[in-house]
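Please consider the structure shown below.

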Amino acid sequence: GTEIPDLSVISRARGADWIYSYLKGFYLDPSRPYGVNNTVFPDVGMPHVLWELQGWQTKHESHGSEDGHGEGPMLTLDQAGSQTPAEYDQTVRDITNFLVYLGEPAQQSRKSIECHRTRIVLREKDITVDIIDIDPENKPEDLLDLNPYNSVPTLVDRDLVLYEPRIIMEYLDERFPHPPLMPVDPVSRARTRLALYRVERDWYGLLDDLQFGGEKKAARARKILKEALIGASDVFAAKPFFLRDEFSLVDATIAPIL
């Protein structure tokens with residue numbers, strides 16, 4: 001089959017419309033290894049990771065018009081997901097916009113991705129917050145007053161100031177407990193933290209080489225990351241989310257690098 005696409009790269013080459021159609025174009029196909037195919041990316045080698053939200057679609061070939069020109073395949077929703085078609089459409093638009101943003105080379109730094117996983121948690125919990133975007137080359141002076149490392153993201157909540165992404169994410173999860181993004185029992189929480197550590201060490205550790213390492217280092221890092229993601233495809237396919245039935249901090253951490 002066709003290999004897993006790098007959607008952030010494809011967004012630069014084919015644009016937002018293609019990404020949008022791709023995310024909405026999965027349909028059931030028992031002949032494929034993951035049981036699905038895609039209308040705009042035939043024989044793509046990955047599962048439909050958003051199936052729980054969208055549901056399952058079936059493909060029907062169009063008979064075309066009288067002038068002999070077909071209208072392309074038609075998809076019907078045979079099994080509804082947890083979202084309505086309108087809600088799923090909005091989800092796909094949000095993901096598409098995010099991938100287009102990540103597709104811009106200037107946005108691929110580790111600091112940017114660290115900020116985005118924090119924003120994903122804020123969005124998942126529907127937390128109202130004032131976000132101040134700063135120029136990394138011209139940081140405001142008051143940032144250093146708040147954060148001795150002069151780094152982003154930095155969270156200010158009344159008298160509390162936090163400035164390490166994982167600490168910020170876990171604080172938000174405890175401060176705003178619904179929906180929970182960490183398991184309740186100690187063993188599962190420990191496993192989730194271990195998964196976070198591995199993603200940060202093994203995958204996030206490649207981001208500096210991807211951005212600043214030069215052509216050879218970037219190519220090597222890209223190859224390692226791609227192989228790691230492909231190697232984890234069975235894990236991604238086993239559950240609706242990474243190792244869980246519900247969205248977690250691990251998903252928020254993985255999403256910005258996909």
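**Aromatic pairs, a buried residue and a helix pair**

In this predicted model, W51 is partly exposed, with a relative accessible area of 31%. The ring of W51 is paired with that of W56: their centres lie 5.3 Å apart and their planes meet at 10°. Planes under 30 degrees apart count as stacked, so the pair of W51 and W56 is stacked. The count of aromatic pairs comes to 6. Elsewhere in the description of rings, W18, Y22, F26 and F41 are linked into a cluster by ring pairs.

A buried position may be considered next. I113 belongs to helix α5, which spans residues 110-124. The relative accessible area of I113 is 0%, and because buried means under 20%, I113 is classed as buried. Along the chain, I113 and A255 are 142 residues apart, yet their C-alpha atoms are separated by 9.3 Å.

The last topic is the packing of two helices. Two packed helices are described by the angle between their axes and the distance between the axes. For helix α7 (residues 165-175) and helix α8 (residues 186-203), the axes come within 13 Å and cross at roughly 150°. Angles over 145 degrees count as roughly antiparallel, and α7 is therefore roughly antiparallel to α8. The crossing of α7 with α8 is right-handed. On the α7 side, the contact is made by R166, E170 and E174, which meet R189, R193, L196, Y197 and E200 of α8. By class, this contact of α7 with α8 comprises 6 charged residues, 2 nonpolar residues and no polar ones.

Note on methods. Residues are numbered from 1 along each chain as its sequence is written. This is a predicted model: local features need pLDDT of at least 70, side-chain atom pairs count only at pLDDT 80 or more; totals for chains, interfaces and linings use all residues. Side-chain values use heavy atoms; hydrogens and water are left out. Axes are lines fitted to C-alpha atoms, for helices over the stretch in contact, and angles run from 0 to 180 degrees between N-to-C directions. Helices (H or I, at least four residues) and strands (E, at least two) are DSSP runs, numbered from the N terminus. Angles under 35 degrees count as roughly parallel, over 145 as roughly antiparallel, 65 to 115 as roughly perpendicular and the rest as oblique. A crossing is left-handed if the near helix is turned anticlockwise from the far one by less than a right angle, and right-handed if clockwise. Contact means heavy atoms within 4.5 Å. Ala, Val, Leu, Ile, Met, Phe, Trp, Tyr, Cys and Pro count as nonpolar, Asp, Glu, Lys and Arg as charged, and the others, Gly among them, as polar. Buried means under 20% relative accessible area, exposed over 50%, partly exposed in between (1.4 Å probe, protein chains only). Rings of Phe, Tyr and Trp (its six-membered ring) pair if their centres lie within 6.5 Å; planes under 30 degrees apart count as stacked, over 60 as edge-to-face and the rest as tilted.
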